[in-house]
Amino acid sequence: MARLLYKNIACLVTNEPMIRTAGIRPQEAHLGLISRGAVAWDGRKILWAGSTKSIPKIFRGKSWRPVECSGLVAYPGLVDCHTHAVFAGDRSREFQLRMRGATYQEIAAAGGGILSTMRATRAASRACLADLARNRFRAAAAFGVRLLEVKSGYGLRLKDEVKCLEAVQEAAVRGLEIYPTCLAAHALPPEFRGKREEYVRQVCEDILPLVARRGLARSVDVFCDEGFFTLSESRAILEAGRNAGLAPRLHGEELALTGAAELAAELGALSVDHLLKVSPAGIRSLAESGTVGVLLPGTALYLREPPAPARALIDAGVRVALASDFNPGTCPTQNLPFVGTLAALQLGMSTAEIIAALTWNAAQALGMSGRYGAVAPGSRGEPVFCEGDHPSALFYRMAPAALPRPT
Ligand SMILES: [Zn+2]
């Protein structure tokens, strides 16, 4: 495995002070910037980071390949903590309907939406889903992602939820750790129309215990929103997942204000994601509980919804992360640097807040801060690079095709 010594990095973002600040109200001083920086990467983890002038002798030997990084900014490997990257089918037709004014709920009622992807996913083989997922994992890695959360949720019955999570496992690519989540409660499958309690019971008693036992998922998620799962159904599902050993996380406050943020805080969920409609009381409860608020500005843009109240969340002391929400219906992009651009333009987030949200806090949303999200001895995730000399280089270029790799 390559042992690389990156040196002469114009600006190295280490995030090292975030060990103490926990990603709350991030400021430039928390980025741990080093000019003319250097990083020793042994192919699995970071062994050392500092200034090029002070590289220890052991990293100057023949077994380390020096990589020249002048003109580049280096960052901790990015973390995309919310994606739906395992699915089959295509929903480009819906884009036209949406542009004509159809709402999310109207598209779902017309047979589109999540259930159209469910039909295509159920019809696809595990090998086909793994091929599709592998291509998407490679795309994520090209955008600088080193830890990628992937949800099931288009199978919506035991055998197909298991098939999707197996495909995720099978699709693994080098240099990218996958964090699988079971989102069997993404929507009510059509065969359970009028029998909601029966599906919720199956999720709680059959699907979640099985995927946990087989190590196919590490967390449980639920779409807690108007027209999807109620607060009390969500509570039952998250508690069942937690009892099976899965960390609770949820989609909440996207389509309507339901109190999902307070539920997430009460259950000690790792994160609550979307938050377009979150209330001041919900914000306070997230700040108190430490639950991460994951914002998905690509989705709000695509749905032409007003953005989430990022400023109110951050100023209140909520740890805020950003993610792509890559999915075939409401956010068909994997471009995480572009999500950073949207956070600057539409959410009013500062450079330090955006970097924390794409690295340290996104790792925290998966219970992995400290392991990912920093350039420090022991950190996992190969550093990522952008042309420039200032930390905002990562999201200053709008929608890059990929991040550059120094050679
Ligand atoms: Zn989602």
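Which right-handed unit do β10, helix α9 and β11 make? Keep that in mind while we walk through this predicted model.

Start by selecting residues 247–252, which is strand β10. Five of its six residues are buried, so the rest of the structure largely encloses β10.

Now color residues 231–243, helix α8; β9, α8 and β10 together make a right-handed β-α-β unit.

Hop to the other neighbor of our strand. Residues 271–274 are strand β11, which runs parallel to β10 and is joined to it by four bridges. Click on R249 and look opposite, where S271 of β11 stands. Then bring in residues 260–267, helix α9, and the opening question is settled: β10, α9 and β11 make a right-handed β-α-β unit.

Last stop, the cysteines. Go back to C224, which is buried at a relative accessible area of 1%. How many disulfides are there in the model? The count is zero. C224 is in no disulfide, and the nearest cysteine sulfur, that of C204, is 13 Å away. Now select C331, also a buried residue, with 2% relative accessibility. Its closest cysteine sulfur belongs to C81, and the 13 Å between the two sulfurs is too far for a bond.

Technical notes
Residues are numbered from 1 along each chain as its sequence is written. This is a predicted model: local features need pLDDT of at least 70, side-chain atom pairs count only at pLDDT 80 or more; totals for chains, interfaces and linings use all residues. Side-chain values use heavy atoms; hydrogens and water are left out. Buried means under 20% relative accessible area, exposed over 50%, partly exposed in between (1.4 Å probe, protein chains only). Helices (H or I, at least four residues) and strands (E, at least two) are DSSP runs, numbered from the N terminus. A crossover is right-handed if, with the strands pointing away from the viewer, the path from the first strand over the helix to the second runs clockwise. Two strands pair if DSSP finds at least two bridges between them. A disulfide is a pair of cysteine sulfur atoms within 2.5 Å.
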